[in-house]
Amino acid sequence: MTDQMTAVPTDLGSGAGVADPDPDADGLLLDGVVKTYGGARPALDVPRLHVPAGSFTVLVGPSGCGKSTALRVSSGLETPTRGRVLLGGVDVTSTPAAGRGVAMVFQDFALYPHMTVEQNVGFGLRLEARHRPRRGLRGGAGPLNKAEIRRRVTGACELLGLGGLLERRPAQLSGGERQRVGLARAIVRRPRVLLLDEPLSALDAQLRQQARAELVRLHRELGNTVVMVTHDQLEALAMGTHLIVMNGGRVAQAGPPTDVYHRPADPFVATFVGSPPMNIAPMATTDAGRTFDAPGRRVRLDHPVPGLGASGSSTVLLGWRPGDGVIGGPAEADRPSAPGLAVEATADVVEFAGDAVVVHLTGDGMRAAVTVPARGSWPAVGDRVTVTVPAERLHLFDPADGRRLPAVGA
Amino acid sequence: MPAFDRWPRLIGRHAVLLLTAAVMLLPLVWALGSSFKPSTTIFDMSPVPLPASLENYRTVFSAFPLWRMLLNTFVTAAGVTALQVLVAVPAAYALTQLTFRGQRFALGLVAVALLVPVQSLIIPAFLMISHLGWRDTYPGLIVPQLSGCALAVVLLRNHLRALPPNLFHAAALDGATAGETLRFVVLPLLRPALSAVVLLVFINTWNEYLWPTLAAPSPKHTTIQAGLALFLNQEGPEYGPLLAASILATVPVVAVYLVASRRIADAFLHAGPG
């Protein structure tokens with residue numbers, strides 16, 4: 001990995017459209033952005049964070065990972081300490097929030113308490129009309145007069161099912177209704193990028209499911225770029241077309257949710273995404289990466305892990321998803337039939353979760369979880385079991401730098 | 001209904017409250033009673049004015065420019081209130097929501113201004129209005145009392161800080177300038193606090209005694225509080241009319257307070273520490 005610093009252009013003040021040579025720079029790009037709040041470690045430090053145009057991108061990570069900072073820098077509410085923000089290839093680093101064509105839904109929705117739903121949604125449009133009464137709207141829909149504002153506010157509200165609530169005030173609305181008012185206020189100005197800051201966390205669990213689907217549907221209907229911040233990895237997997245996993249102010253991995261889930265780039269992503277988290281433990285090889293042994297566990301591969309013996313390193317971090325494990329009887333460990341992992345352990349805690357059962361295992365100095373379908377049978381607490389995982393479902397990471405090692409495919 | 005074992009505590013607490021109230025009210029009751037006493041019985045120890053007489057009030061209305069002074073007081077109090085609000089609202093907004101060079105210093109100055117006793121400003125203020133030729137004028141009465149607006153700034157600032165920060169972010173993204181945010185978002189939300197501040201400043205200014213006696217001693221411009229001193233003339237104090245005029249001067253303030261006491265209490269409750 002090279003630690004190359006991205007050059008920061010000196011003419012940030014110009015604000016003129018700086019063409020970016022990068023072809024996929026439409027959408028949103030944080031280019032070499034660093035944001036420091038005075039602490040020793042920057043809250044955000046991303047050489048490149050790219051949100052593809054038209055995508056539903058989810059920024060996900062534990063609290064303090066920089067995801068909210070990334071969103072606020074994108075919105076213009078925060079200015080980066082270093083680096084550029086590009087929107088559709090245009091440098092907007094010094095463009096104020098309102099001029100960027102972005103809109104935001106806040107975690108607490110931040111509705112104006114003294115305004116009705118209609119006034120809340122229409123506030124931005126009324127200000128726009130105040131500022132440039134003679135200019136037409138973006139998109140050329142005619143002058144922004146009272147009738148046009150009303151038409152657009154009603155349109156946005158109806159799209160979100162707020163038709164009957166136009167005269168209500170925020171205090172008279174339920175949590176779900178407030179969230180939709182926040183959304184209506186954000187989309188009414190037809191933003192190129194819609195920023196959602198944990199928009200579901202203030203809703204109760206049942207409503208959250210429903211609101212998730214509504215957000216995805218809304219994105220499909222509007223077709224603009226959506227960036228959502230969440231700490232809930234299940235929400236991220238379920239909703240995003242593009243996932244950006246963040247950790248410690250940096251991008252840990254970016255890509256489609258299936259990629260991130262099936263090919264996590266490092267142990268952090270592997271354990272953060274997925275529930276229950278991936279089982280990861282170090283294992284040592286004795287024969288240049290073909291077999292690995294640890295007490296109660298054994299891995300046999302058809303092909304040695306490339307580069308393992310050569311570099312002198314003899315251990316790997318071995319990971320497997322709880323859902324990829326298959327539980328068998330205690331005898332099977334002795335005669336592994338296919339290449340892969342075999343673990344001998346004792347069922348310690350058994351959690352029934354409706355469709356599936358999570359079995360927590362303990363063995364020689366190790367813990368692991370396996371998910372089995374609840375339709376079949378599952379071990380009882382205290383049972384000795386053997387769990388096998390096929391080789392192509394194993395994830396190997398370099399213990400030194402956490403890098404994912406090439407596929408171990410069968 | 002409280003349990004029996006709590007009664008001793010409740011009784012004790014109410015005894016203390018009643019005693020405090022009595023101490024506070026006694027001078028007022030005495031003044032009220034004595035204002036109805038004719039000059040012959042004014043020094044009687046009884047607080048009850050028997051026989052009662054309206055003689056003092058008649059003197060006040062006939063020989064004392066009561067209405068003129070009430071008008072002066074009203075103009076002064078309203079002027080000071082308007083000026084203070086005009087300064088305090090933008091100041092509080094700037095101190096909470098904007099970031100600018102010297103912000104902490106400005107905030108420190110406001111805090112210091114709270115601690116400076118008004119009396120220490122009297123002489124410089126008096127010299128100032130003398131230079132400007134404002135002695136015995138409304139501007140001379142009103143403008144120097146703007147120095148008391150630190151309290152209004154602090155009260156409004158605390159209310160502003162209690163507003164959710166995302167409200168301001170939402171306004172910024174909606175394209176509102178600082179002025180528009182102040183006008184369309186902050187002011188409507190600040191109305192309860194603002195009306196409390198208005199009442200507070202108005203009552204404080206109404207009751208101000210020292211500055212009007214110096215700045216505008218003539219009956220033409222002086223306020224009612226300063227005007228009361230006219231009864232302490234060279235022929236000796238005229239206690240009866242003095243008390244009657246005092247009672248009359250208090251009536252507007254008490255009326256305002258009765259109507260708005262809850263608002264004032266609320267404002268202080270929400271202002272909280274800080």
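This is a predicted model: local features need pLDDT of at least 70, side-chain atom pairs count only at pLDDT 80 or more; totals for chains, interfaces and linings use all residues.
Chain A has 410 residues, and 50% of them are buried. The chain holds 8 helices and 20 strands.

Now turn to one sheet in chain A. It is open and has 6 strands. Read across it, and the order is S6-S7-S8-S3-S9-S10, with mixed pairing. Which strands form the edges? They are S6, residues 102-105, and S10, residues 250-255, of chain A. Each of these pairs on one side only. Neighbouring strands in the sheet are turned against each other by 20 degrees on average, with direction ignored. In general, side chains of a regular strand alternate between the two faces of the sheet.

Start with S7 and S8 of chain A. S7 covers residues 193-197, and S8 covers residues 225-230. The two run parallel and are joined by 5 bridges. To find one bridge in the model, pick A:Leu195; its partner in S8(A) is A:Val227.

Next, take S9 and S10 of chain A. These strands run antiparallel, and 5 bridges join them. One pair of bridge partners is A:Met246 and A:Val251, the latter in S10(A). S9(A) and S10(A) form a hairpin, with 2 residues between them. A:Gly248 sits in the turn and has a positive phi of about 55 degrees.

A helix lies across the sheet strands. Helix H1 of chain A, residues 67-75, lies across S3, S6, S7, S8 and S9. In this list, S3 is residues 56-60 and S9 is residues 242-247. The helix runs at about 145 degrees to S7(A).

Now for some backbone details. Most residues other than glycine have a negative phi, and most peptide bonds are trans. Which residues of chain A can be set beside this pattern? A:Phe109 has a positive phi, near 70 degrees. A:Phe109 lies in the loop between S6 and helix H2 (117-131) of chain A. This residue counts as buried because its relative accessibility is 5%, and the cut-off for buried is under 20%.

A:Arg190 also has a positive phi, near 50 degrees. Find A:Arg190 in the loop between helix H4 (175-187) and S7 of chain A. Is A:Arg190 buried, partly exposed or exposed? Its relative accessible area is 43%, so A:Arg190 is partly exposed.

The peptide bond between A:Ser275 and A:Pro276 is cis, with omega about -5 degrees. A:Pro276 is in the loop between helix H8 (267-272) and strand S11 (279-285) of chain A.

Finally, move to chain B. Here B:Met24, B:Leu25, B:Leu28 and B:Val29 make a nonpolar surface patch of about 400 Å². B:Met24 belongs to helix H1 of chain B, which spans residues 7-34. Why does B:Met24 count as exposed? Its relative accessible area is 63%, and exposed means over 50%.

Note on methods
Residues are numbered from 1 along each chain as its sequence is written. Chains are lettered from A and ligands numbered from 1 in the order in which they are written. Side-chain values use heavy atoms; hydrogens and water are left out. Two strands pair if DSSP finds at least two bridges between them. Helices (H or I, at least four residues) and strands (E, at least two) are DSSP runs, numbered from the N terminus. Axes are lines fitted to C-alpha atoms, for helices over the stretch in contact, and angles run from 0 to 180 degrees between N-to-C directions. Contact means heavy atoms within 4.5 Å. Patches are made of residues with over 30% relative accessible area and no salt bridge: like charges are joined within 9 Å, nonpolar side chains (Val, Leu, Ile, Met, Phe, Trp, Tyr) within 5 Å. Accessible areas come from the Shrake-Rupley method with a 1.4 Å probe; for residues, only the protein chains shown count as cover. A salt bridge is a side-chain nitrogen of Lys or Arg within 4 Å of a carboxyl oxygen of Asp or Glu. Buried means under 20% relative accessible area, exposed over 50%, partly exposed in between (1.4 Å probe, protein chains only).
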